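Here is a short briefing to read beside the model. Please keep the sequence and the 3D view open as you go.

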Amino acid sequence: MRFPEASRRAWAILFARGVLGLIFFMAGMYKVFRMTPAGHAHRFFVDPYADTFLPAWSLWLTGLTIPFVELLAGTLLLLGFRVREALVALGFVLLIVTFGHLLKEPFYEFHTHVIPRLALLLFLLLLPREADRFSVDSWLGRQENP
């Protein structure tokens, strides 16, 4: 059986969106409900970066916010609702993570953590929104390209 191009593209987007959504949704679930946002902030932001030029308030703010962004944006990706906004939010999370890792270790290896997520994110951002037929956005007619 041969699938038309539009169908293959729709399935590719569904799988990429689902995998990326699960990665961030599960990370957000863990950080919000098991680790707690304060625990996340301490472990990954406040304590490791206390000796840098970054002000403590910015470490707290970022560390407390990222778990909720991951949880919300991951959920939105899984549903296919407000996909572009979710991808942009997660792109900023990846920029922050990249900055932090490079601040502590200038030769940090990104191939296991950042690059796979970034590849899926870019793939989803670059494909036309109307190709994402298996999404709430599609069913609501929210496929316009701003």
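How many salt bridges does a search of the whole structure find? The search finds eight, where a salt bridge is a side-chain nitrogen of Lys or Arg within 4 Å of a carboxyl oxygen of Asp or Glu. This is a predicted model, in which local features need pLDDT of at least 70 and side-chain atom pairs count only at pLDDT 80 or more, while totals for chains, interfaces and linings use all residues. Residues are numbered from 1 along each chain as its sequence is written, and side-chain values use heavy atoms, with hydrogens and water left out.

**A salt bridge to look at**
- E5 and R9 join their side chains in a salt bridge, at 3.2 Å from N to O.
- Both E5 and R9 sit in helix α1, four residues apart, which is about one turn of the helix.

**Overall build**
- The protein chain has six helices and zero strands; helices (H or I, at least four residues) and strands (E, at least two) are DSSP runs, numbered from the N terminus.
- Read from the N terminus, the order of elements is α-α-α-α-α-α.
- Along the principal axes, the C-alpha atoms fill a box of roughly 60 × 30 × 30 Å.

**Confidence**
- The mean pLDDT of the protein chain is 93, and 95% of its residues reach 70 or more; pLDDT is the predictor's confidence in each residue, from 0 to 100.

**Helix α1 with helix α3**
- The axes of α1 (residues 5-34) and α3 come within 7 Å and cross at roughly 145°; axes are lines fitted to C-alpha atoms, for helices over the stretch in contact, and angles run from 0 to 180 degrees between N-to-C directions.
- This crossing of α1 and α3 is left-handed, meaning that the near helix is turned anticlockwise from the far one by less than a right angle.
- The contact of α1 with α3 comprises 14 nonpolar, five polar and three charged residues; Ala, Val, Leu, Ile, Met, Phe, Trp, Tyr, Cys and Pro count as nonpolar, Asp, Glu, Lys and Arg as charged, and the others, Gly among them, as polar.

**Helix α4 with helix α5**
- Helix α4 (residues 83-104) packs against helix α5 (residues 114-126) at an angle of about 155°, with the axes 10 Å apart.
- That angle makes α4 roughly antiparallel to α5 (over 145 degrees).
- α4 also passes α5 in a left-handed crossing.

How values were computed. Angles under 35 degrees count as roughly parallel, over 145 as roughly antiparallel, 65 to 115 as roughly perpendicular and the rest as oblique.
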